[in-house]
Amino acid sequence: MADPPGCCHPCATCLLCLYSCQWITTDKEKRKGLRTTKCDCSWFLFLFFVFLVTLVWLYFAIIILNDFHNFNEFIFKQRKLWLDWSLVLLIATAMLITYSAVLLVLALGLQLCGRPLKLHWLHKTLLILTALVVAAAFTGLRIKWAEEWRSARISLQATGPFLHFGVVGGMTLLAWPLASFIYRTCHTGLKVFLLLVYCAVMIALYLAPLGITSPCLMEENQLPPKPALIGHRGAPMLAPENTLMSLYKAVDCDVQVFETDVMVSADGVPFLMHDEELTRTTDVQDVFPERAALNSTAFNWTDLQQLDAGSWFLERRPFPTVQSLSDGDRHQAKQQRIPSLEQALEAAKQSNISIMFDLRPENHSDYQSFVNATLEVILQSGIPLQQVLWLPDGFREQVKQQAPGLQQVYGRKRLQNEKEPLLRVNLPYQDMNSEEIRQYRQDNISVNLYVVNQPWLFSVLWCSGVSSVTTNACQVLKEMKHPIWLLPSSTYLMIWIVVDCASFLVILWAFLLLK
């Protein structure tokens, strides 16, 4: 068989040098009788496997960015160390995928040029380490963050059609080195095996769209209304969370509801705070160093008012958007203090938005007194009760009796034979599929899902018909006038046929040209 078209010997020598970490010219290769052995083929298959697994991990890394702020908070609670670990994740993943991809390209180039695949021991070691690192990452994800596997399944509703086209394209390009190898090898059994496996994979890929479902495969006139936005602790990408500045920034983002967390001070004043300790979002370690580890409810209101609830936002930069704040916003952030629930209700009333909150900590021995204190503030605030969305489950029946006008929101799905029909539910976005969302919508049940930050996820939920989403990124989702993509099923079918036919013709051309 002649040398493949377009394959130059100097280029092939350079490829072999990088792959084998030694300079091997064509003459030296012939003198030593170098050829690709079964062991070399095994290492190539291992390289291909590592590349695929690392590519899958890259996909997971991109998907879990939607929830990575939760991971950053978790690490801070455990280690008292704040770092945007998403950058570490992306940089490490990019290095692993780049390394394995470069090695794979080198191997495929060598195969096309008919040169031996002599992988150096250093590359072998690094490939094994790469495989171990990725395996450890998947294991950790499964043990500590299992809900992200459900996030990945949801993401396939947004990416499935495009992943299909990408995989078909990649497997089509693989036909060239495969054809080169088949024509060069003398093992008939191996030829038949590889051809059968390749054909089976391609047939499965050609038919894969039959199993691909996405709520965004619909006609334009079938698209549900855009989900309303609920500001998660306000607008935490633009201002310190759970502050009045964050509330007003959320109002600027056209949110309909300000979502927050309420605790009650030692002297009975409800205030806004998410964490059970004050260390992450205040300067309590500087003001009250001996009491910094105490529960937030152990402080009286006078003490809480002495704390700076804004400077941490500028120092730790919990989101990349902090870097782009104006000087005016930076100055305002430094002035933030912990707001009371009374102040938040007044701001919500003036801004004509609703407020939804959790009452923490649920396992506190004085929880009933917390409920009573919170209800008292709400009833005395003068805010229309229909603007208050009540989330806490504890003593809910008592709350209904004392303030029947409050909007009751449940953190669970409806039950069979429910005595009182649910009107509002608030759930993690992983807990409801598209079919359930559609069914709740038909039954006039308002569904809010949290926390939704990435446009791809917002698009899937929009197409599914969700009523509202809780988000950290209200400034991003506000600007979306349309889902990222919306495709009629007939159009997708036509693209599917065209892509599959083009792929088949390219594969046929590869095998005929290299014969």
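Which residues have the most contacts inside the largest nonpolar core? In this predicted model, the answer is Leu449, Phe458, Leu461 and Val469, which sit in a core of 44 residues. Several elements give two or more residues to this core: helices α3 (38–63), α7 (147–173), α18 (434–442), α19 and α20 (474–477), along with strands β7 (424–428) and β8 (446–450). Of these, α19 gives the most, with seven residues. The core also draws on two domains, taking at least three residues from each of domain 2 (147–214 + 487–514) and domain 3 (228–413 + 420–478). As a general point, nonpolar side chains in soluble globular proteins tend to be buried together.

Trp121, Leu122, Leu126, Ile128, Leu129 and Leu132 make a nonpolar surface patch of about 580 Å². Leu132 belongs to helix α6 (residues 121–144), and it counts as exposed because its relative accessibility is 53%, over the 50% cut-off.

Turning to the cysteines, a search of the whole structure comes up with one disulfide. The bond runs between Cys216 and Cys463, with an S to S distance of 2.2 Å. Since the torsion about that S-S bond is about 95°, the disulfide is right-handed. The two partners come from distant parts of the chain, 247 residues apart: Cys216 is in the loop between α9 (188–207) and β1 (228–232), while Cys463 is in helix α19 (residues 455–464). Cys216 and Cys463 are both buried.

What about Cys17 and Cys21? For Cys17, the closest cysteine sulfur is that of Cys14, but at 6.9 Å it is too far for a bond. For Cys21, the closest cysteine sulfur is in Cys17, and the 7.6 Å between them is again too far for a bond. Cys17 is partly exposed, at 23% relative accessible area, and Cys21 also counts as partly exposed, at 37%.

On the charged side, the structure holds 21 salt bridges. Side chains of opposite charge can pair when their charged atoms come close. One of these bridges brings together Glu73 and Arg233, at 2.9 Å from N to O. Here too the link spans distant parts of the chain: Glu73 is in helix α4 (residues 68–79) and Arg233 is in the loop between β1 and α10 (244–252), 160 residues apart. Both Glu73 and Arg233 are buried.

Another bridge pairs Asp443 with Arg414, with 2.8 Å from N to O. These residues are 29 apart and again in distant parts of the chain, Asp443 in the loop between α18 and β8 and Arg414 in the loop between β6 (407–408) and β7. Asp443 counts as partly exposed at 34% relative accessibility, and Arg414 does so at 32%.

Lys349 and Glu346 both lie in helix α15 (residues 341–351), three residues apart, or about one turn of the helix. Lys349 is partly exposed, with a relative accessibility of 29%, and Glu346 is partly exposed as well, at 32%.

Key:
Residues are numbered from 1 along each chain as its sequence is written. This is a predicted model: local features need pLDDT of at least 70, side-chain atom pairs count only at pLDDT 80 or more; totals for chains, interfaces and linings use all residues. Side-chain values use heavy atoms; hydrogens and water are left out. Patches are made of residues with over 30% relative accessible area and no salt bridge: like charges are joined within 9 Å, nonpolar side chains (Val, Leu, Ile, Met, Phe, Trp, Tyr) within 5 Å. Accessible areas come from the Shrake-Rupley method with a 1.4 Å probe; for residues, only the protein chains shown count as cover. A salt bridge is a side-chain nitrogen of Lys or Arg within 4 Å of a carboxyl oxygen of Asp or Glu. Helices (H or I, at least four residues) and strands (E, at least two) are DSSP runs, numbered from the N terminus. Buried means under 20% relative accessible area, exposed over 50%, partly exposed in between (1.4 Å probe, protein chains only). A disulfide is a pair of cysteine sulfur atoms within 2.5 Å. A nonpolar core is a set of buried Ala, Val, Leu, Ile, Met, Phe, Trp, Tyr and Cys residues joined through side-chain atoms within 4.5 Å. Domain bounds come from an automatic or database domain assignment.
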